[in-house]
Amino acid sequence: MKRIVICGGGAIGVAIAYFLSRRGAKAIVVERHEVAGSASGKSGGFLALDWCRGSPVDRLARRSFALHAELAEQLGNPWGYRRLETYSGWAIANQAAGGASRPWLSDDVAITGQIGSPQTTALVEPRAFTRGLMRAAEAQGAELRIGTVAGLVRSAGGAVEGVALDDGETVDADAVVIAMGPWSILATRWLPLPAVYGFKGHSLVFDARGQAPAEALFLEYQEASGEVLAPEVFARADGTVWACAISSTGALPIDPAQVAPDDGAPARLEALCRRLSPVLAAAPVVARQACFRPVAEDGVPLIGRVPGVDGAYVATAHSVWGMLNAPATGEAMAELILDGGASHVDLTAFAPDRLKTFDPARLHGV
Ligand SMILES: Cc1cc2nc3c(=O)[nH]c(=O)nc-3n(C[C@H](O)[C@H](O)[C@H](O)COP(=O)(O)OP(=O)(O)OC[C@H]3O[C@@H](n4cnc5c(N)ncnc54)[C@H](O)[C@@H]3O)c2cc1C
């Protein structure tokens, strides 16, 4: 039986563990903080069938959209998967829009178009999805280890034979996958990999007690200062509403447990949301959070073998579509590792060697 260590317990890592264990391989997820403790537990969880058309990610996204429906059906949907109506629109602070809005929104909001239907857009609660998929993987024989990957174990010939944890322990493996989201840049100390950057975003979760209909909104919002933000508001199956708007250039802390919102960002987002909807104006905020999405130099994911190192693989840099693309990435990685190639998706565009490798000396002593 093949043993595969997956570094990182985000949506990408656990999806790989799920599909590997479904095929009978031994998958071991090593997670530094907690499963879904980062972007995979705090993101929007919005899924779209065809919003990546015209990009190299289109086929992956379409396959993944279908897999999300299948997984929810097969695994009893403990993560609130649901189809949605999706609208675009705009709002200006302190100014009635005078347009046709939706009943749960304030007069400030003008809805200008429907950009998704239940056939093309859906939602999951991301933490429940990531943890639910990990549990399903464990039921198939996968293992979760809480620990910090600090290096690789290599054979005399250079092949990867396992990972070294920061407590001195090692975990043997026939193959190792780097799936540490924005922290994958730290793996450039061990493997020839391109840079992965982390872009910070803030979000809130409101306990709207089911008062918002099954809708997603993509808006432009002009604050009183004149600054224009792009709030996204998603009504989830558990009765909560997730909203985000404020990106920042905040630096990625080395320890995922240290990620925190910028000063003032949650309050600014809360004020904005309360103006958008009387439902949100009355709802308590149950989470004020920030997370980093992983992005490669060209915005395209890194999915494939690490060139020149036997047994080393990478799956990261899914940017704004990591929740959507987790299942098809997991399926493709399991096929690549166990069969030598992916059957549903062509991974050529995701090959890590399309980009120049990052010089780990630039990590300045991390
Ligand atoms: C505000 C926001 C909204 C988003 N909305 C959506 C959306 O609506 N739809 C969508 O599809 N995508 C969305 N995304 C993108 C999506 O969240 C990410 O692409 C996805 O979560 C990335 O998953 P990951 O598994 O690669 O990384 P992560 O979730 O970051 O997981 C990486 C894991 O690696 C662990 N780790 C780090 N270092 C080590 C180490 N040394 N050893 C072991 N483990 C380690 C971390 O603790 C972490 O758990 C959003 C992102 C943000 C920030």
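**Terms and their grounds**

Reply: W104 is found in the loop between β5 and β6, where helices (H or I, at least four residues) and strands (E, at least two) are DSSP runs, numbered from the N terminus. This is a predicted model, in which local features need pLDDT of at least 70 and side-chain atom pairs count only at pLDDT 80 or more, while totals for chains, interfaces and linings use all residues. Residues are numbered from 1 along each chain as its sequence is written, and side-chain values use heavy atoms, with hydrogens and water left out.

Me: Why is W104 called buried?

Reply: Buried means under 20% relative accessible area, exposed over 50%, and partly exposed in between (1.4 Å probe, protein chains only). W104 has 5% relative accessibility, and therefore counts as buried.

Me: Which residues are in contact with W104, leaving aside its neighbours within four places in sequence?

Reply: Contact means heavy atoms within 4.5 Å. On that basis W104 is in contact with Q211, A212, P213, E215, L217, V233, S277, P278 and V279.

Me: Is A36 buried or exposed, and where does A36 lie?

Reply: A36 lies in the loop between β2 (26–31) and α2 (39–42). Its relative accessibility is 0%, so A36 counts as buried. A36 also has a positive phi of about 65°, although it is not a glycine.

Me: How do you know that the structure has zero disulfides?

Reply: A disulfide is a pair of cysteine sulfur atoms within 2.5 Å, and a search of the whole structure finds zero of them. For C273, the closest cysteine sulfur is in C244, at 9.0 Å, so the two are too far apart for a bond. C273 is buried, with a relative accessible area of 1%, and C7 is buried as well, at 0%.

Me: What makes the chain agree with a compact globule?

Reply: The radius of gyration is taken over C-alpha atoms, and the globule rule is 2.2 Å times the number of residues to the power 0.38. For 366 residues, that rule gives a radius near 21 Å; the chain has 21 Å, so the two agree. Along its principal axes the C-alpha trace spans about 70 × 45 × 35 Å. Of the 366 residues, 57% count as buried.

Me: How many helices and strands does the chain have, and what share of its contacts joins residues at least 24 apart?

Reply: The chain has seven helices and 20 strands. Among contacts between residues at least 6 apart in sequence, 71% join residues at least 24 apart.

Me: Why is G157 called exposed, and A173 buried?

Reply: G157 has a relative accessible area of 77%, and is therefore exposed. The place of G157 is in the loop between β9 (149–154) and β10 (160–165), and its C-alpha atom is separated by 48 Å from that of T120, 37 residues away along the chain. A173 has 9% relative accessibility, so it counts as buried. A173 is placed in the loop between β11 (170–172) and β12 (175–178). Leaving aside neighbours within four places in sequence, A173 is in contact with R3, V5, V160, E161 and G162. The C-alpha atoms of A173 and K26 are separated by 9.3 Å, although these residues are 147 apart along the chain.

Me: Where is P253, and what does P253 touch?

Reply: P253 is in the loop between β17 (240–248) and α5 (265–276). Not counting residues up to four places away in sequence, P253 touches W183, Q258, V259 and F292. P253 and Y221 are 30 Å apart in space, C-alpha to C-alpha, and 32 residues apart in sequence.
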